[in-house]
Amino acid sequence: MKLKKFLVVCSLTAIVGASGSALAKTAYLDTGIWKYGTTGVLGGGNVYSKYLDWDHTYSYASVKNAKGKTASDTKKGAEASASLKAYTSGKDYSYYNFWD
């Protein structure tokens with residue numbers, strides 16, 4: 001019985017660990033780096049977008065959560081970062097942009 005319980009716990013830990021790590025992504029673009037995703041399992045936690053462009057003057061990051069709320073940030077020569085509360089099983093969006 002203890003072995004069965006141990007295997008169930010290990011299986012659930014592996015599933016949750018894989019789900020959490022798949023939510024955050026990093027994209028290496030031609031002129032910048034974009035980090036985006038959610039911090040919680042199944043879309044909970046926070047939705048975030050961080051963008052740094054080394055070839056253009058301004059970096060821009062924005063997010064929209066499942067409730068329609070938006071946040072954005074623009075930085076000159078630095079990483080722009082935006083974040084909002086995310087909702088479990090909701091659809092969140094992350095964006096980036098750049099300009100001179």
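Author: A quick definition to begin: strands are DSSP runs of E, at least two residues long, numbered from the N terminus. This is a predicted model.

Reader: OK. Where does Ser62 sit, then?
Author: Ser62 is in strand 4, which covers residues 58-64.

Reader: Is Ser62 buried or exposed?
Author: Buried. Its relative accessible area is 9%, and buried means under 20%, so Ser62 falls in that class.

Reader: And what does Ser62 touch?
Author: Leave out residues up to four places away in sequence. Then Ser62 touches Ser49, Ala71, Ser72, Ala82, Tyr93, Ser94 and Tyr95.

Reader: In what order do the elements run?
Author: From the N terminus, the order is α-β-β-β-β-β-β-β.

Reader: New topic. Which residues form the largest nonpolar core?
Author: Five residues: Val47, Val63, Ala82, Leu84 and Ala86.

Reader: Pick Val47. What is Val47 in contact with?
Author: Neighbours within four places in sequence are set aside here. Among the contacts of Val47 are Val63, Ala82, Leu84 and Ala86. Val47 also meets Gly37, Thr38, Asn65 and Tyr93, among others.

Reader: What share of the protein's residues count as buried?
Author: The figure is 27% of the 100 residues.

Reader: And what is the accessible surface of the protein?
Author: About 6,600 Å². Carbon and sulfur atoms account for 58% of that surface.

Reader: Last one. What share of the contacts joins residues 24 or more positions apart?
Author: That share is 45%, counted among contacts with a separation of 6 or more.

Definitions and conventions. Residues are numbered from 1 along each chain as its sequence is written. This is a predicted model: local features need pLDDT of at least 70, side-chain atom pairs count only at pLDDT 80 or more; totals for chains, interfaces and linings use all residues. Side-chain values use heavy atoms; hydrogens and water are left out. Helices (H or I, at least four residues) and strands (E, at least two) are DSSP runs, numbered from the N terminus. Buried means under 20% relative accessible area, exposed over 50%, partly exposed in between (1.4 Å probe, protein chains only). Contact means heavy atoms within 4.5 Å. Accessible areas come from the Shrake-Rupley method with a 1.4 Å probe; for residues, only the protein chains shown count as cover. A nonpolar core is a set of buried Ala, Val, Leu, Ile, Met, Phe, Trp, Tyr and Cys residues joined through side-chain atoms within 4.5 Å.
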